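Student: Please take a close look at a single part of this model. I would like its packing and its surroundings in one connected account.

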Amino acid sequence: MNLASNRLLLLLDDIFEDWFGVELPRPVVAMRGFKQEDGCQWCGETNRLFEPCPCGGRRIRWTRVFRLGSYAPPLSTSIMQGKYAVWPEMLSFLGKQLGDRVKGCVPPNTVIVPMPMPIIRRYIRRIDHAYVIAKHASKQCGIPIRRALWRRESTPQAAKTASMRKSLPSSVMRIRFCPRIKGKNVLLIDDVLTTGKSLEVAANQLKRAGVLSIQVAVLAVTEMPQKGKKL
Ligand SMILES: [Zn+2]
């Protein structure tokens, strides 16, 4: 499906809703033509033809990354709309897709932990996107969810440059009271994996709290330039 016909479908979708009050399954329309595509199982980036993934020399704090695809349209546009236009239906749709992807692929005794959002930011944005995604993924794959992490206010990672992102202090995240994660395998869920710094801080805190293993599931992974890679 090319971009023009996709736009046409979205336009028709809008017209139907405005004129007839009929709400069509818009996330399905917006994501038409998208195919789930795995990346490198360690860092999540798109696999390169004929060459090993450059993540080989890096220290990675989790055992696997699940993703729906790389951060490109229509997936990237849909994530942006879900986050900033506060479109929970889109996030729940994508969350279910992620639930389908991880179903049967994680070890027994796994719990889903959503990446936390600071309270004030959540109030301003009116949506805790990682939680919405995690909640629907959890429903879809039957893995219980534990909101084990808490995050204090700090500059959002999205507003920082790549070099600023690397310097995220570990004190921004803490384990909540009674997290019920000790001895469990954790599947950390977030919307987009860019530098991986927030996920890394979260993974370190979870390990300190006694979890057995950590895997990561995100909707999309940003393709990074060769230099200044994750970590
Ligand atoms: Zn890799």
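Tutor: A residue counts as buried if 20 or more other C-beta atoms lie within 10 Å of its own, as exposed if 12 or fewer do, and as partly exposed in between, with C-beta atoms placed from the backbone. The model is predicted, and local features need pLDDT of at least 70, side-chain atom pairs count only at pLDDT 80 or more, and totals for chains, interfaces and linings use all residues. Residues are numbered from 1 along each chain as its sequence is written.

In the loop between S1 and H3 sits Pro 74, which is joined to Pro 73 by a cis peptide bond with omega of about 5°.

Within H3, Leu 75, Ser 78, Ile 79, Gly 82 and Lys 83 are buried. These residues lie on the same side of H3 because they span an arc of only 130° around the axis, taken from the directions from the helix axis to the C-beta atoms. The elements that cover them include helix H2 (26-30), strand S1 (64-70), H4, helix H6 (129-141), strand S5 (185-193) and strand S6 (213-221).

H3 contributes Ser 78, Ile 79, Gln 81 and Gly 82 to the contact, and H4 contributes Met 90, Leu 91 and Leu 94; contact requires C-beta atoms, placed from the backbone, within 7 Å. By class, four residues of this contact are nonpolar, three are polar and none is charged (Ala, Val, Leu, Ile, Met, Phe, Trp, Tyr, Cys and Pro are nonpolar, Asp, Glu, Lys and Arg charged, the others, Gly among them, polar).

Val 86 belongs to the loop between H3 and H4. Val 86 has a positive phi of about 50° although it is not a glycine. With 13 other C-beta atoms within 10 Å, Val 86 is partly exposed.

Definitions and conventions:
Contact = placed C-beta atoms within 7 Å. Helix = DSSP H or I, 4+ residues; strand = E, 2+ residues; numbered from the N terminus.
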